[in-house]
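Let's take a friendly look at a ligand and its surroundings. Have the sequence and the 3D view open as you read.

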Amino acid sequence: MFVFCRRIFLRASLACGMVAIVGIGPVPVVAQESAAAAANRRLGRGLNLGNFLEAPRGANWGVQVEDRHLKMIREVGFQSIRLPVRWSDYASEQPPYRVEKAMLDRVDHLLQVAHAAGLNVVLNHHHYQGLDADPDAHRERFKVIWRQLAERYGHYGDWLYFELHNEPHDKLTAEKWNAILRDGIQAVRPSNPTRMIVVGPDRWNNIRALPDLRLPDDPNLIVTVHMYEPFQFTHQGASWIEGPVRSIRDRTWGTPEEVEQVQGMLGQAAEWGRQHGRPIYVGEFGAYSKAPLESRVAWTRTVARTAESLGMSWAYWEFAAGFGVYDPQAQRWRQPLLDALIPDNPLRATSD
Ligand code: GLC
């Protein structure tokens with residue numbers, strides 16, 4: 001994405017990255033990628049380490065990410081990971097809301113291994129259910145948790161990105177979230193003046209909620225959206241979803257109208273990003289393993305290629321659980337899904 005600048009003064013010209021020409025009259029219009037757009041491009045093709053550190057404290061949701069996995073993820077061509085962590089289960093309930101050292105140490109290790117492997121990392125606060133259920137009661141705690149994380153990671157390179165809160169919903173309406181996200185950004189900025197912060201709209205980071213998102217005047221923000229449309233296809237058979245979707249089976253995907261729907265929705269996100277000068281990161285998309293594989297592959301390919309053609313980065317949901325692109329039992333990639341995500345992956349030839 002490019003920022004277009006037309007300026008006549010030195011300071012403004014420098015802010016736009018142009019060679020300064022002081023004088024009268026407009027200087028030529030030049031296109032220059034913003035720092036946020038460049039950072040979003042570096043996220044590129046990414047993978048969520050889901051069902052791992054986002055599980056409740058003490059619970060095991062069946063995914064154990066080892067150091068070697070991070071190297072493998074990079075080797076097949078992913079450029080970034082998103083690391084969902086349920087930080088709220090590792091901070092005290094009462095002030096000073098101290099985040100536990102043991103958890104910080106665990107995350108430090110993963111971050112360092114990911115960085116050594118050449119991966120950029122989006123460190124996310126996932127499943128902070130208290131904030132969704134009672135935003136006012138948790139507002140201060142949310143802020144203080146982020147202040148601690150930001151101080152801890154302030155000296156890390158620009159390969160580390162912070163994502164404030166996964167999928168705001170429930171009582172965290174657009175109005176509340178627009179206020180609270182500012183608190184989060186303000187908690188981060190003293191120790192991380194230019195760190196990229198990822199933030200998305202309410203209603204589970206829904207593209208349709210983008211028009212209600214209000215961001216402060218901070219250039220180093222990347223806007224995230226999640227894409228699971230049509231939900232009846234992507235979440236068929238998903239036990240954790242309330243209502244009739246969990247009993248849907250054998251629903252296929254891929255009619256021209258369905259392809260158009262996916263492209264149209266991502267197009268809306270791109271258009272919002274263009275109008276607001278914000279790069280867009282499709283931070284989650286995926287179809288659950290109960291959906292027919294051929295359709296999952298077609299849907300996954302369509303979302304990934306469409307997002308790329310619109311200049312968006314993405315992160316597939318997820319590595320090695322119910323949507324997994326990797327089979328942890330067989331210890332191998334699910335090649336059709338990997339090919340859909342990364343057509344030029346080095347393992348492709350062996351599967352053809
Ligand atoms: C959201 C939820 C996560 C779930 C995923 C797919 O990220 O937080 O728990 O697995 O969506 O439904």
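## The shell around the ligand

This is a predicted model.

## Polar contacts and burial

Glu284 places a polar side-chain atom 2.7 Å from an oxygen atom of the ligand. For Trp240, an N or O atom of the side chain is 3.2 Å from a ligand oxygen, and for His127 a polar side-chain atom lies 3.3 Å from an oxygen atom of the ligand. The ligand on its own would expose 300 Å², and the protein buries 87% of that.

Zooming out, you will find the ligand in the largest pocket. This pocket contains about 940 Å³ of space. Its lining is made of 32 residues, and those closest to the pocket centre are Glu167, Trp204, His235, Trp240 and Ile241.

Where does the lining come from? At least two residues each are supplied by α5 (129–133), α8 (202–205) and β8 (221–227). The largest share, three residues, belongs to α5. By class, the lining of the largest pocket counts 13 nonpolar, 10 polar and nine charged residues.

How values were computed
Residues numbered from 1 in each chain as written. Predicted model: local features only at pLDDT ≥ 70, side-chain atom pairs only at ≥ 80, totals over all residues. Heavy atoms only, no water. Polar contact = N/O pair within 3.5 Å; in protein donor to acceptor, adjacent residues only side chain to side chain. Areas by Shrake-Rupley, 256 points an atom, 1.4 Å probe, with all protein chains shown as cover. 1 Å grid on protein atoms, 1.4 Å probe; cavity = no way out; pocket = protein on both sides within 12 Å on 5 of 7 lines; lining within 4 Å. Sits in = over half its atoms within 2 Å of the grid points. Points joined across faces, edges and corners; volume = space filled by probe spheres on them. Helix = DSSP H or I, 4+ residues; strand = E, 2+ residues; numbered from the N terminus. Nonpolar A, V, L, I, M, F, W, Y, C, P; charged D, E, K, R; others polar.
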